[in-house]
Each structure stands twice: as C-alpha cells, then as structure tokens.
Amino acid sequence: MRLNDTPVRYQVTIVSDGGGIWQQPARPALPELVVAFWFPAGDDAAALRARVISTTAHEFHHIATAMAGQRRWGAHREPEAYLAGACALLAIEGELRREQLPGRHDPRADSLLPAAAQRSGNAGNAMGQSLQAFFRGDRIQRDDEEGRALLRHCHHTIGFPAIAH
C-alpha cells in the first residue's frame, strides 16, 4: 500500500489542563494514519475554534505535502503551512482578523527553543508580515475584494481549494 492511499483519521480533543499540538498514537490494526490534536479549553470559544481551524490546516498541509512525496524540510514548507492556516480560517469562518495572523513568535526566545521551533516561529512571523498586504483595515471578509484576493493567492500559491462566489 502506498502512503497516499492510506486513510487518515483525525481526532480533536479539548482539554481543561493545557494541551499540545499533535501526537501519533499507537498504530491501529488497520493501516491508517491517526492524527490527534489536543487544545486547551478557554473562556473564548471563538478564539478556540479559530485556533483549531488554523492549526489543523497548518498540520494537514504538512501531512498532504509529505503524502505527495515532497521533501519535509524545504525552506518554503513552514511558511506555506502558516498560509494554509490563514486561508482555512478565512474560508471557513468567513473573515480573517489581523490579530489572527501568524506572528506571535518572539525571536528573543530563540536561544531557549529547539531549532525546529525557532524556524517555525520565524516562518510564522514572516508569513504574518507578508499577509498584512491583503488588509486595508483590521479584518477582511471572504467575499470582499481583499478576501477574494487572499483566497486566489492561497489557491495559486499552495493549491488551496478555490472558493466559488
């Protein structure tokens, strides 16, 4: 069986005492890929939903490119995954706010982080900065000029599904 023929099962768990990004649980009896995400619960359901959407799209972009046989560590892989997260948030929620863009990584902490976390955080900062060009105000809507432009960019850059209008 080829990897691109392998079924993928997806599980999201909301936990009250912290969380993590993802883990590959023990391999099930059937040949399938199980991807599990844990997210910390909070009082802001909308922020949690946005985090679940963008993180899932980010990680599934990595999975899709790996299953397509593309190199895992190309310089463009992490920025593209952050783009997938922003694109998914706009497509699913109907709007994207500046505050939801990637870019909360503080490079002053790089000496304390593993190299992969440093690269990811810095890529998120760079992608968040580049996506600022699509904004005139604090938010864009899926159906306004800026939203349509961003979704076209997502489609042409990373093959994100085209959204019919």
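The paragraphs below go through the elements, the surface, the nonpolar cores and the disulfide of this predicted model. Residues are numbered from 1 along each chain as its sequence is written. Local features need pLDDT of at least 70 and side-chain atom pairs count only at pLDDT 80 or more, while totals for chains, interfaces and linings use all residues; side-chain values use heavy atoms, leaving out hydrogens and water.

The protein has 4 helices and 5 strands. Helices are DSSP runs of H or I with at least four residues, strands are runs of E with at least two, and both are numbered from the N terminus. Read from the N terminus on, the order is β-β-β-α-α-β-α-β-α. A contact means heavy atoms within 4.5 Å. Among contacts with a separation of 6 or more, 58% join residues 24 or more positions apart.

The accessible surface comes to about 9900 Å² (Shrake-Rupley method, 1.4 Å probe). Carbon and sulfur atoms hold 54% of that surface. Of the 165 residues, 36% are buried, where buried means under 20% relative accessible area, exposed means over 50%, and partly exposed lies in between (1.4 Å probe, protein chains only).

In soluble globular proteins, nonpolar side chains tend to be buried together. A nonpolar core is here a set of buried Ala, Val, Leu, Ile, Met, Phe, Trp, Tyr and Cys residues joined through side-chain atoms within 4.5 Å. The largest such core has 23 residues, and those touching the most other members are Leu 83, Leu 96, Leu 131, Leu 150 and Phe 160. At least two residues of this core come from each of α1 (45–67), α2 (77–93), α3 (115–131) and α4 (145–158). Helix α2 gives the largest share, with 8 residues. Leaving aside residues up to four places away in sequence, Leu 150 touches Leu 83, Leu 90, Leu 96, Leu 131, Phe 134 and Ile 140. A second core, separate and made of 7 residues, includes Phe 37, Phe 39, Ile 63 and Met 67.

A search of the whole structure for disulfides (pairs of cysteine sulfur atoms within 2.5 Å) finds 1. The partners are Cys 87 and Cys 154, with sulfur atoms 1.8 Å apart. The angle about the S-S bond is -85°, and the link of Cys 87 and Cys 154 is left-handed. Cys 87 has a relative accessible area of 0% and therefore counts as buried. Cys 154 is also buried, at 0% relative accessibility.
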